Amino acid sequence: MKKVSFLKKLRTELEISKVNEIDEVINYYDELIEDEKESGKSEEDIVKGLDINKIVLELRQEKFLEAAKMKPSISNNLKVIIVTLLVISSPFLIPLVIILLTFIFVAIILGACLLLVLGCLVFAGAAWIIGLFIGLIIGEVSFLSFVLILGISFVSIGIGLILFKLTLKALFHITRSLANKVISKSKKRKVVNQND
């Protein structure tokens, strides 16, 4: 292999391996080959003694060593501290997270049950009113009892509808606030990951 093809292949391998200062490396090996040629060796013999894979491997190792010697950044130290704390506190955090998720689940189930009960209250009030009208038509209920029971029915339906609406609104608000928190945290993570 000639010097030109060796240097071309070396450049390609260095670019693939993302080694820094490729031009300096190429210039170094160009001068090395020229110096060896001046001492009487042939170009082919010099190139045979140079292993491109070994050169790239050594340069990559140097790159990683330099990166390790560089001053660590605050964000990397903070990540290390957070991960260490999470690992150390995981025996305590995992049960707490499970308990928190259980409370959220129970709150959702209770809200759904309350909605169901309030819906049943509205349905029962409506059924009561229908029964009163039937009783009034048949003549089993006096007019005064009819008006009193009708008023109570409308009040129970109204209370049921108001509580139904309030419960639905509260569940919607809780769900929306939890969703907003999750979205904001995921956006923050995205920004942090993009900055790294």
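In this predicted model, the side chain of Lys3 makes a polar contact with the side chain of Asp30 at 2.8 Å; a polar contact is a pair of N or O atoms within 3.5 Å, where within protein one must be able to donate a hydrogen and the other to accept it, and residues adjacent in sequence count only if both atoms are side-chain atoms. Residues are numbered from 1 along each chain as its sequence is written, and side-chain values use heavy atoms, with hydrogens and water left out. Because the model is predicted, local features need pLDDT of at least 70 and side-chain atom pairs count only at pLDDT 80 or more, whereas totals for chains, interfaces and linings use all residues.

Lys3 lies in helix 1; helices are DSSP runs (H or I, at least four residues), as are strands (E, at least two), numbered from the N terminus. Lys3 counts as buried, at 14% relative accessibility (buried is under 20% relative accessible area, exposed over 50%, partly exposed in between, with a 1.4 Å probe and protein chains only). Apart from neighbours within four places in sequence, Lys3 is in contact (heavy atoms within 4.5 Å) with Asp30, Ile33, Glu34, Glu43 and Val47.

The largest nonpolar core has 17 residues, of which Phe6, Leu10, Leu14, Tyr29 and Ile55 touch the most other members. Such a core is a set of buried Ala, Val, Leu, Ile, Met, Phe, Trp, Tyr and Cys residues joined through side-chain atoms within 4.5 Å. At least two residues of this core come from each of helix 1 (3-16), helix 2 (22-38), helix 3 (43-48) and helix 4 (52-69). Helix 2 gives the most, five residues. Beyond its neighbours within four places in sequence, Leu10 is in contact with Val25, Ile26, Tyr29, Ile52, Ile55 and Val56. A second, separate core of six residues includes Ile129, Leu132, Leu150 and Ile157.

One aromatic pair is counted, where rings of Phe, Tyr and Trp (its six-membered ring) pair if their centres lie within 6.5 Å, planes under 30 degrees apart being stacked, over 60 edge-to-face and the rest tilted. The pair is formed by Tyr28 and Tyr29 and is edge-to-face, with 5.0 Å centre to centre and 85° between the planes. Tyr28 is partly exposed, with a relative accessible area of 49%, whereas Tyr29 is buried at 12% relative accessibility.
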